[in-house]
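Visitor: Could you show me how to read burial, salt bridges and helix faces in a model like this one?
Guide: Gladly; let us look at it together.

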Amino acid sequence: MKKIALAVFALLLGTQMAHADVLMGLAVPLTGKNAVFGEQLKRGAEQAVTDINAAGGVLGKKLALEADDDACDPKQARSIAEKISSAKIPFVAGHFCSSSSIPASEAYADANVLQITPASTNPLFTERKLWNVARVCGRDDQQGLVAADYIAKAFKGKNIAILNDKTTYGKGLADETKKALNKAGVTEKVNESYNKGDKDFNAIVSRLKRDNIDLVYVGGYHQEAGLILRQMRDQGLQAVLMAGDAMNDKEFASIAGPAAEGTLFTFGPDPRNKPTAKAIVEKFKAKNIDPEGYTLYTYAAMQVWTQAAAKAGTTDAKKVMDTIKGGEWDTVLGKMGFDAKGDIKAIDYVVYKWDAKGNYTEINPKGS
């Protein structure tokens, strides 16, 4: 079956290549609970390819995008990485989940494929000394510091709970936030795990209520966070819920309903408000698309690769990566440079708050 699948994929590649000279990979969750984020990444990549081609392409060649669904499943992600690698695709934008990006990156490294993730924040992604990885977002040990600083100041003397969903992303972020909180002299009263995909959190909520918790920090994704919040309110627990960047989709507000108001999360300064993104944001709005979350991060990843390939004069992954790490690149997120690991040099996380209308706004990191 694997040989048949590869044969079909090769046929599809041939069809794509008939209309373009360079095929780019996009590996994102298009099905499953994180499909909303996969759509963000897909929209960003598609608009970037359209705009790059309109400007003449790369090295005089047009680009085409091959989008694959990893469903945020590590095994599926590795399989997709092997498929992309066998097709000799020079660059892939993705993956979304750290639990997918990390195993996939090893297959890409072996096959000379450059990978830039717009959204995988677990530090391990760039800490394994792989030559082929980079990210245009920050890291969990950076946003964990911002979350911990906010909690320590705004909830001084209050009872804190830390929950995580046991995933690479969720547990990693919760652990980094806990570490920073403990270093700041704050000891959490509750530290518990749940399984991604769980729907019944009443036992956990009962403990939170019994321990008079004032703030619940969730390392995990928006679906479970929304259900936890609703069940907290159902039991009369009015504690504030705070989480990380995986809360940055309006689906959270639809899941949590009115309970979403007052919920906090960390994310970079809203890229939609950056002067460098104004023209691109207007293009999205003309299509009735809100380029929220990681949409513009994916656009930026495509820009970085395109500019570096043009400067290097080749699409060879190793030469392009050397060029990426040796320069600065103009993107919708602003000027971007990378360190030797593949992390961006300028990092800035802020705290956001959801309102009663299902929107979020940046708040003063010292509390509001």
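Visitor: Is R139 buried or exposed?
Guide: The general idea is a cut-off on relative accessible area: buried means under 20%, exposed over 50%, and partly exposed in between, using a 1.4 Å probe and protein chains only. Here R139 has 8% relative accessibility and counts as buried. Keep in mind that this is a predicted model, where local features need pLDDT of at least 70, side-chain atom pairs count only at pLDDT 80 or more, and totals for chains, interfaces and linings use all residues. Residues are numbered from 1 along each chain as its sequence is written, and side-chain values use heavy atoms, with hydrogens and water left out.

Visitor: Which residue forms a salt bridge with R139?
Guide: A salt bridge is a side-chain nitrogen of Lys or Arg within 4 Å of a carboxyl oxygen of Asp or Glu. For R139 the partner is E127, and their closest N and O atoms are 2.9 Å apart. E127 sits in the loop between β4 (114-117) and β5 (133-135), and R139 in the loop between β5 and α5 (140-154), so the pair ties together parts twelve residues apart in sequence. Helices (H or I, at least four residues) and strands (E, at least two) are DSSP runs, numbered from the N terminus. E127 itself is partly exposed, at 35% relative accessible area.

Visitor: What else does E127 pair with?
Guide: E127 also forms a salt bridge with K341, with the closest N and O atoms 2.8 Å apart. This pair links distant parts of the chain, 214 residues apart, as K341 lies in the loop between β12 (334-337) and β13 (350-354). K341 is partly exposed, with a relative accessible area of 37%.

Visitor: How many salt bridges does the structure hold?
Guide: There are 22. Another one joins the side chains of R272 and D290, at 2.8 Å from N to O. Shared partners join E127, R135, R139, D141, K341 and D343 into one network.

Visitor: Now a helix: which residues of α7 are buried?
Guide: In α7 (residues 202-210) they are I204, V205 and L208. Down the axis of α7, the buried residues fall within an arc of 100 degrees, so they line one face of the helix; the arc is that of the directions from the helix axis to the C-beta atoms. The face turned away from that buried side carries the exposed residues A203 and R210.

Visitor: What covers the buried residues of α7?
Guide: Contact means heavy atoms within 4.5 Å. The cover includes β6 (160-164), β7 (190-193), β8 (215-219) and α8 (222-234).
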